[in-house]
Amino acid sequence: MSYLTKVKTALMALLMAGEAFLGAAALPVCVMIGASLMDYISGIAAAPARSEKISSYKGVRGIVKKVFLWSLVAIGAMVDLLLGYLGIQLPGELSVTAVVAVWVAANELLSIFENLADIGVPLPKQLIRLVAQIKDSVEGEKDGDQQ
């Protein structure tokens, strides 16, 4: 077995284990991770357009922030475990983990849009509205008012 085949096999095993562990939250978590990486990269690209210097301090601070955002998903998973222990079932395939991952992903996507706008990339306003609606939906807000 070649080295590349071993790497592919290990990667697929890791992805399958993650999906088995996360269940219905697997897709939102993957979107969240991808959006976080894109936000970090687009933030670095937007820094010169904002007349900001790129520094290792800001870079590390950004990474630490993302790690703690991801920890919110882990906290959501802990809440799911406690709900299961108590026999409390959320409707459908809904989980606290998935809701938190969607919220984090929506925040990251909105941040990417801000970075791209600062760089000068034209953005479709409807796309921005849709992502903002997703975030508001998860937060339980409508038109900025608490429901």
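Reader: At what angle do the axes of α3 and α4 cross, and within what distance do they come?

Author: An axis here is a line fitted to C-alpha atoms, for helices over the stretch in contact, and angles run from 0 to 180 degrees between N-to-C directions. In this predicted model, the axes of α3 and α4 cross at roughly 160 degrees and come within 7 Å. Angles over 145 degrees count as roughly antiparallel, under 35 as roughly parallel, 65 to 115 as roughly perpendicular and the rest as oblique. The α3 helix is therefore roughly antiparallel to α4.

Reader: Before we go on, what should I know about the model and its numbering?

Author: The model is predicted, so local features need pLDDT of at least 70 and side-chain atom pairs count only at pLDDT 80 or more, while totals for chains, interfaces and linings use all residues. Residues are numbered from 1 along each chain as its sequence is written, and side-chain values use heavy atoms, with hydrogens and water left out.

Reader: Is the crossing of α3 and α4 left-handed or right-handed?

Author: A crossing is right-handed if the near helix is turned clockwise from the far one by less than a right angle, and left-handed if anticlockwise. For α3 and α4 the crossing is right-handed.

Reader: Which residues make the contact between these two helices?

Author: Contact means heavy atoms within 4.5 Å. On the α3 side, the contact is made by Lys66, Leu69, Leu72, Val73, Gly76, Ala77, Val79, Asp80 and Leu83. Val96, Thr97, Val100, Ala101, Trp103, Val104 and Glu108 make the contact from α4. Sorted by class, there are eleven nonpolar, two polar and three charged residues. (Ala, Val, Leu, Ile, Met, Phe, Trp, Tyr, Cys and Pro count as nonpolar, Asp, Glu, Lys and Arg as charged, and the others, Gly among them, as polar.)

Reader: Lys66 is on that list. Is Lys66 buried or exposed?

Author: Buried means under 20% relative accessible area, exposed over 50%, and partly exposed in between (1.4 Å probe, protein chains only). Lys66, in helix α3 (residues 56–86), counts as buried because its relative accessibility is 11%.

Reader: What does Lys66 touch?

Author: Leaving out residues up to four places away in sequence, Lys66 touches Ser36, Asp39, Tyr40 and Glu108. With Asp39 there is also a polar contact of 2.6 Å between the side chains. A polar contact is a pair of N or O atoms within 3.5 Å; within protein, one must be able to donate a hydrogen and the other to accept it, and residues adjacent in sequence count only if both atoms are side-chain atoms.

Reader: Where does Ser42 lie, and which residues does Ser42 touch?

Author: Ser42 lies in helix α2 (residues 26–46), and is buried because its relative accessible area is 8%. A polar atom of the Ser42 side chain lies 3.1 Å from the backbone oxygen of Asp39. Ser42 also touches Ile112, Asn115 and Ile119, again not counting residues up to four places away.

Reader: How do α4 and α5 cross?

Author: The axes of α4 (residues 96–119) and α5 (residues 125–139) come within 9 Å and cross at roughly 150 degrees, which means that α4 is roughly antiparallel to α5. Their crossing is left-handed. Residues of α4 in this contact include Val99, Val102, Trp103, Ala106 and Phe113, and their partners in α5 include Leu127, Ile128, Val131 and Lys135. By class, the contact has 13 nonpolar, one polar and two charged residues.

Reader: Which pattern does the protein follow along the sequence?

Author: Helices (H or I, at least four residues) and strands (E, at least two) are DSSP runs, numbered from the N terminus. The protein has five helices and two strands, in the pattern α-α-α-α-α-β-β. Its C-alpha trace spans about 55 × 50 × 30 Å along the principal axes. Of the 147 residues, 23% count as buried. Among contacts with a separation of 6 or more, 67% join residues 24 or more positions apart.
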